[in-house]
Number of protein chains: 2
Amino acid sequence: MSEVYALRRTRLRECCNAGGSAAALVTRPANVRYLAGPAPEGAVLLLGPAEDFLVCAGLPDDRSGQPRPDEALRVHVVPGTGGDPAVAAAGLAATGGADSLAVEEHHLTVTRHRALRSVAPGLRLADIGGAVEQLRVVKDEEEISCLRIGAEIADQALGELLESILVGRTERHLALELERRLVDHGADGPAFATSVATGPNAGRPGHRPTDRRVEEGDFLSVCLGATYRGYRCEIGRTFVIGTAPADWQIELYDLVFTAQRAGRESLLPGAACRDVDRAARQVLDSAGYAAALPALTGHGVGLEIDEDPQLTPGTMGKLDACVPVTVEPGVHLPGRGGVRIDDTLVVRPEADGGPELLTITTKELLAL
Amino acid sequence: MSEVYALRRTRLRECCNAGGSAAALVTRPANVRYLAGPAPEGAVLLLGPAEDFLVCAGLPDDRSGQPRPDEALRVHVVPGTGGDPAVAAAGLAATGGADSLAVEEHHLTVTRHRALRSVAPGLRLADIGGAVEQLRVVKDEEEISCLRIGAEIADQALGELLESILVGRTERHLALELERRLVDHGADGPAFATSVATGPNAGRPGHRPTDRRVEEGDFLSVCLGATYRGYRCEIGRTFVIGTAPADWQIELYDLVFTAQRAGRESLLPGAACRDVDRAARQVLDSAGYAAALPALTGHGVGLEIDEDPQLTPGTMGKLDACVPVTVEPGVHLPGRGGVRIDDTLVVRPEADGGPELLTITTKELLAL
């Protein structure tokens with residue numbers, strides 16, 4: 001792995017040098033993880049003019065079997081307690097002879113940025129922008145393999161839940177049960193707060209589980225994901241509780257299914273992000289649900305659950321091969337509930353079989 | 001509740017006006033919650049010169065029975081999608097005639113701060129500092145009551161775990177089991193990631209659960225907390241697995257217990273924070289464990305699990321009545337494990353019986 005991290009740092013260094021900075025300070029946790037491997041909480045990465053440092057408040061964990069940061073990196077532990085590793089790193093950069101330091105202005109607070117300036121007044125602070133986030137968009141096969149395992153875990157957890165009795169149980173309990181099963185099957189933990197939504201709550205994006213109990217005739221929508229070796233995936237499905245769905249439920253489900261399929265099928269290298277969004281969105285639009293639609297129909301996943309690219313009507317840019325994204329259109333009708341279908345897929349060229357579906361739980365409308 | 005929120009906003013407004021700003025923008029989520037009640041994710045609060053606004057990207061949740069923001073506040077929904085409520089609020093402040101806006105520089109990123117400046121170039125941006133955090137330190141009886149219920153829930157969850165069979169179960173599973181029980185007993189959710197540490201991991205501050213299984217003879221240390229109506233409490237206990245603890249385990253436990261009791265007993269209105277820290281710390285120091293001690297022996301709790309005051313050797317300031325804090329000294333011996341004992345208490349005057357212990361699970365050394 002060490003070569004992978006070193007290569008990523010080289011690419012970032014080239015990008016900073018092109019911007020006129022000989023040194024860079026990476027503070028956003030997912031970016032530190034991407035460039036340095038699993039690091040202690042609060043650790044920052046200094047790409048120095050001569051040498052790179054992982055700067056942290058305490059030593060990396062010494063437990064055997066626990067993930068560790070890249071061993072090729074020098075570790076600098078901030079002396080004393082309560083010191084900010086970012087401030088210490090700026091001091092190191094200044095004493096190391098750097099005259100300019102690129103920082104993550106979208107992550108540093110105004111207060112921390114000022115503390116950096118005052119510890120190294122001779123250092124010009126530049127903005128690295130979203131450079132690391134952009135490097136993270138296209139995944140290597142090792143990263144995709146982690147997402148694939150995470151998706152398998154989420155499929156297993158969901159599959160087991162469907163075999164259990166659901167009527168009478170609360171959204172909260174079902175969500176916790178799913179999270180326990182994710183860990184049972186080897187996840188580091190849930191990729192995000194598991195959403196279970198019943199009846200009128202079903203299909204609400206980002207619904208937080210309540211004490212409402214599952215009833216006969218409900219729509220039940222579930223959205224969960226596993227974190228595996230730091231990588232986060234997502235799956236969402238909607239079911240009907242009882243022997244037979246009502247006509248309106250079948251119609252709404254078929255519509256969202258059609259929209260989701262249209263989105264999935266448009267995932268090809270070179271496709272514009274907004275065209276993928278439109279493919280899914282126009283199915284729902286033309287059925288009269290324009291107002292009920294959320295701002296996005298999908299997004300990238302990786303070390304964070306919501307990364308670039310965003311699949312929205314306003315996104316510029318095109319998809320590349322090896323970019324994992326969700327496709328997750330849904331419709332929520334206030335007071336009645338709704339449907340949401342969400343997969344994680346990897347963009348692949350048609351020659352390789354087209355988009356690779358990671359979350360393989362059935363998308364038939366199951367009556368549970 | 002509406003009067004409570006209005007009073008809190010009045011106190012903040014006085015504080016800003018004294019600093020020369022007629023308007024203030026509160027962005028830190030726990031601060032927004034404190035001043036405006038439960039608000040949609042990403043919502044910000046504008047204390048305008050004339051009127052206050054809750055500014056959010058979407059409408060507050062309309063589900064019956066769900067907590068809602070203060071109804072006395074006007075709600076401004078950012079038009080379109082993807083707009084930053086903080087930027088919209090700065091625009092509102094400028095059009096509302098404010099010439100200066102106090103913002104939370106310790107929470108706003110450099111990038112967001114710049115966006116505020118560019119949407120309202122005529123507006124002078126000042127720093128509100130930790131003004132809201134300072135208002136939050138002393139709790140009212142309604143807030144303490146939420147913490148008390150949360151502590152009861154955590155006590156129940158822990159008590160049930162102790163009655164179950166522990167040997168052979170992994171740290172991860174025990175942690176998930178505890179979190180499920182917290183929700184069973186009415187918590188909104190865990191107050192922080194539950195820590196379960198066995199054998200050589202026991203007593204490590206902030207230990208993240210691993211796949212290590214509980215063995216005979218282990219120390220087992222557990223740290224958990226419930227969130228109840230937004231308020232977060234904390235309890236930590238250490239047990240021994242098996243019929244009888246070893247001599248070194250008894251000695252270490254007694255020492256940490258003595259330190260923790262010294263800390264608890266020094267919690268009185270007017271006590272210096274660092275004296276409370278010293279009361280606990282010197283017991284461990286004089287037994288030769290100075291190097292094994294963490295940076296703090298306790299901290300405030302409330303809408304966040306780690307608030308002011310900090311109980312450290314370097315903290316200035318004194319405790320007031322009605323401030324809830326943890327007292328949580330511990331010793332971890334690398335390779336052997338350790339002990340951690342953690343309570344949430346409320347500072348009360350001696351006339352009222354002294355510190356109020358919220359987490360009442362026994363602190364005897366139980367062999368499980």
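Reader: Through which surface do the copies meet?
Author: This is a predicted model. In it, 100% of the interface residues of chain B are also interface residues in chain A, so the copies meet through the same surface.

Reader: What rotation superposes chain B on chain A?
Author: A rotation of 180°, with 0.0 Å of shift along its axis, and the RMSD is 0.0 Å. The two copies are thus related as by a two-fold rotation axis.

Reader: Which residue of chain B comes closest to the rotation axis?
Author: Thr109(B), whose C-alpha is at 1.9 Å from the axis.

Reader: How many salt bridges between chain B and chain A?
Author: The count is two salt bridges. Arg114(A) forms a salt bridge with Glu105(B), where the closest N and O atoms are 2.3 Å apart.

Reader: And over all chains, how many?
Author: The structure holds 62 salt bridges over all chains.

Reader: Which residue meets Glu307(A) in a salt bridge?
Author: Arg136(A), at 2.7 Å from N to O. Glu307(A) lies in strand β14 (residues 307–311) of chain A and Arg136(A) in helix α5 (residues 131–137) of chain A, so the pair ties together parts that are 171 residues apart in sequence.

Reader: Glu307(A) and Arg136(A), buried or exposed?
Author: Glu307(A) has 7% relative accessibility and counts as buried. Arg136(A) is buried too, with a relative accessible area of 3%. The cut-off for buried is under 20%.

Reader: Chain B next. What does Glu143(B) form a salt bridge with?
Author: With Arg8(B), and the closest N and O atoms are 3.7 Å apart. Glu143(B) lies in helix α6 (residues 141–162) of chain B and Arg8(B) in helix α1 (residues 2–18) of chain B, so this pair ties together parts that are 135 residues apart in sequence. At 4% relative accessibility Glu143(B) counts as buried, and at 7% so does Arg8(B).

Reader: What about Arg28(B), which side chain does it meet in a salt bridge?
Author: That of Glu304(B), at 3.0 Å from N to O. The pair links distant parts of the chain, 276 residues apart. Arg28(B) is in the loop between β1 (23–26) and α2 (29–36) of chain B, while Glu304(B) is in the loop between β13 (298–300) and β14 (307–311) of chain B.

Reader: Which residues do salt bridges that share partners join into one network?
Author: Arg28(A), Glu133(A), Arg136(A), Lys139(A), Glu304(A) and Glu307(A).

Reader: Switching to helices. How far does α8 of chain B reach?
Author: Helix α8 (residues 247–265) of chain B has 19 residues and reaches 27 Å from its first C-alpha to its last, close to the 27 Å expected at 1.5 Å a residue.

Reader: Which residues in α8(B) are buried?
Author: Among them are Leu252(B), Tyr253(B), Leu255(B), Val256(B) and Ala259(B). Gln249(B), Gln260(B), Gly263(B) and Arg264(B) are buried as well.

Reader: Strands now. How many residues of β9 in chain A are buried?
Author: Six of its six residues, 219–224, so to speak mostly covered. 

Reader: Which residues sit on which side of β9(A)?
Author: Phe219(A), Ser221(A) and Cys223(A) are on one side, and Leu220(A), Val222(A) and Leu224(A) are on the other. Both faces are covered.

Reader: How many bridges join β9(A) to β12 of chain A?
Author: Six bridges, and β9(A) and strand β12 (residues 235–240) run antiparallel. Cys223(A) has Gly236(A) in β12(A) as its bridge partner. Strand β8 (residues 195–198) of chain A is joined to β9(A) by four bridges, also antiparallel, and there Ala197(A) has Ser221(A) as its bridge partner.

Reader: Last one. In what order do the three strands of the open sheet in chain B come?
Author: The order is β7-β10-β11, with antiparallel pairing. β7 (189–190) and β11 (231–232) of chain B stand at the edges, each with a single partner strand, so one side of each is left without a neighbour in the sheet. β7(B) and strand β10 (residues 226–228) pair over two bridges, and the bridge partner of Gly189(B) in β10(B) is Thr227(B).

Terms used. Residues numbered from 1 in each chain as written. Chains lettered and ligands numbered in written order. Predicted model: local features only at pLDDT ≥ 70, side-chain atom pairs only at ≥ 80, totals over all residues. Heavy atoms only, no water. Salt bridge = Lys/Arg side-chain N within 4 Å of Asp/Glu carboxyl O. Buried < 20%, exposed > 50% of the residue type's maximum accessible area, 1.4 Å probe, protein only. Expected span 1.5 Å × (residues − 1). Least-squares fit on C-alpha atoms with pLDDT ≥ 70 in both. Contact = heavy atoms within 4.5 Å. Pairing = 2+ DSSP bridges.
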